[in-house]
Amino acid sequence: MPGVVRAKNRPVREIHYGDRVFAGILKIPAAGLALLLLSIAYFLYRAASPVIVKHGWAFLTSSTWDPVRDVYGALPVIYGTVVSSFIAIVIATPLSVGVALFLTEIAPRRTGRVFGFLVEMLAAIPSVVYGLWGIFVLAPWLRTSVEPFFKTWLGFLPFFSGPPYGVGMLAAGIILAVMITPTISSIAREVFSAIPLQQREAALGIGATRWEMMRLAVLQSSRRGLTGAVILGLGRALGETMAVTMIIGNRHEVSLSLFAPGSTMASIIANEYAEATTDTHVAALVEVGLVLFAVTFVINSIARLFLSRSGNR
Amino acid sequence: MSAIMEVSGLNAWFGAAQAVKEINLSFEKNTVTAIIGPSGCGKSTFIRCLNRLHEEVPDARAIGRVLLEGDDIYGRGVDPVAIRRKIGMVFQKPNPFPSLSVFDNVAVGLRLGGLRRASILKEAVERSLTLSALWDEVKDKLNAPGTSLSGGQQQRLCIARALAVEPSILLMDEPTSALDPISTAKIEELVTELKKAVTIVMVTHNMQQAARISDKTAFFLLGDMVEYGETSRIFTAPKDSRTERYITGRFG
């Protein structure tokens with residue numbers, strides 16, 4: 001019979017040695033990377049243990065950072081990290097979602113591609129270049145225009161009081177916002193493009209305007225994915241070092257004012273590791289690193305969880 | 001019988017490719033019109049021109065006259081959004097909004113229209129779900145997500161969503177092509193029921209379906225309307241040889 005192939009022999013299950021060897025070889029780097037992660041955590045813990053033993057939990061709640069007397073409290077840098085990243089998220093989230101909506105729903109395809117490429121190139125600018133831009137452009141502008149404006153109109157709030165330095169928490173937050181916008185917007189874009197066309201047509205079909213269509217069909221069904229995108233951006237902001245170190249002002253102090261200089265976990269390590277002469281000073285910096293490592297690890301895990309579940313909604 | 005929608009000289013393009021050519025057709029009140037034809041014959045494009053959804057596709061355009069109760073929906077200054085609110089549409093694949101509950105999926109069109117009163121919304125949702133023969137199945141799970149229903153139920157939910165705004169005409173683009181035979185039978189039964197309340201235009205690739213439930217049938221081929229007439233006549237005594245060949249299954 002034409003078109004019908006009959007097996008003459010029973011198929012013999014062959015052993016493909018090449019496949020087995022290759023699979024074995026691939027296991028080595030895979031296991032190696034997992035081990036590397038654990039060993040970094042272990043190294044940080046061991047190197048930090050003198051300070052962990054000496055200060056215990058007080059390390060996280062005390063504000064004094066005095067290498068001369070060997071007293072270390074990380075509260076101001078934890079506070080600085082949280083606040084600068086929070087400012088970044090508050091600015092970058094609406095900006096990124098807007099950019100992603102524009103690129104997927106409004107811009108003609110070619111414009112979208114060019115514009116999207118440019119936005120993603122923001123992520124390719126070296127951190128130190130952002131720092132320079134921050135020092136020479138952003139900070140003077142904040143000092144002479146933005147901060148006096150906020151001080152005049154919202155100066156009764158503690159966040160907008162105090163002298164406008166330019167360099168400080170607000171400047172760091174803004175720089176971070178620019179730096180994480182490509183991260184959030186490109187993930188948001190993926191999330192939006194994964195929404196089936198039928199959803200959009202359903203909205204248009206019942207007489208939704210373009211904006212109502214975006215709200216109904218796009219934004220509402222991508223809440224999980226967007227949450228994941230923002231948390232990933234947050235993870236980036238928490239660990240960002242160079243630009244922040246250059247512009248945050250590096251003062252070890254908890255201040256409510258956003259105009260005041262501060263420091264973050266990453267910036268204090270970058271600033272002090274070179275001049276850390278005593279073992280406990282080094283250990284204290286390593287413990288800051290350990291805290292930062294743990295926080296970003298948890299944040300990123302949460303983001304992955306949100307993003308992996310966003311697909312089946 | 002009065003025509004609720006009259007189409008004359010309708011042409012539609014995707015870029016440079018013409019998908020629909022010079023269609024003249026009118027739909028009478030409380031009838032079911034089936035649009036049949038092989039894949040790519042322009043039947044979906046045609047129906048999507050009737051509520052101006054076609055033009056939402058990049059590079060797509062349409063010209064012609066489509067009178068809805070006497071007013072040209074392609075007239076100057078006519079807002080397509082306002083047109084779509086007056087015309088219901090049901091798609092090939094059930095597409096309830098995944099983030100909305102059963103209730104909200106039905107109420108969404110009314111809410112877009114600015115209706116906020118809970119009592120009115122509740123009434124309209126119950127009425128639409130009853131019309132689409134879904135009320136008894138979902139009345140205890142109105143707050144469950146729309147996507148938690150079965151495929152056939154989701155499609156009836158989409159019909160209820162379209163009916164909620166009391167459209168004068170309901171467009172259905174192969175509404176059963178993604179459904180199993182039992183759900184298909186339910187939708188067909190429903191369509192026969194619904195024509196008492198609303199005029200229905202339905203694209204289908206299933207000729208038996210067209211023969212079972214439609215009053216009028218139009219046969220499309222390569223963007224042209226080859227033949228139009230009473231369904232019983234089209235399927236028993238087609239005038240055009242191409243229609244005959246299609247309905248006897250010799251191509252398409």
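Reader: Before I start, how are residues numbered and chains lettered here?
Author: Residues are numbered from 1 along each chain as its sequence is written, while chains are lettered from A and ligands numbered from 1 in the order in which they are written. Because this is a predicted model, local features need pLDDT of at least 70 and side-chain atom pairs count only at pLDDT 80 or more, whereas totals for chains, interfaces and linings use all residues.

Reader: OK, how many residues of chain B are in contact with chain A?
Author: There are 19 residues of chain B in contact with 17 residues of chain A, where contact means that the C-beta atoms, placed from the backbone, lie within 7 Å.

Reader: And which helices of chain B supply that side?
Author: Helix H2 (80-86), helix H3 (102-112) and helix H6 (151-163) of chain B each supply at least two residues of it, helices being DSSP runs of H or I with at least four residues and strands runs of E with at least two, numbered from the N terminus.

Reader: Switching topic, what is the order of the strands in the open sheet of chain B?
Author: The order in this sheet of 4 strands is S2-S1-S4-S5, with antiparallel pairing, and two strands pair if DSSP finds at least two bridges between them. Strand S2 (17-28) and strand S5 (71-72) of chain B are the edge strands, each pairing on one side only.

Reader: How many bridges join S1 to S2 in chain B?
Author: Strand S1 (residues 3-14) of chain B is joined to S2(B) by 8 bridges, and B:Met5 stands opposite B:Phe27 in S2(B).

Terms used:
Contact = placed C-beta atoms within 7 Å.
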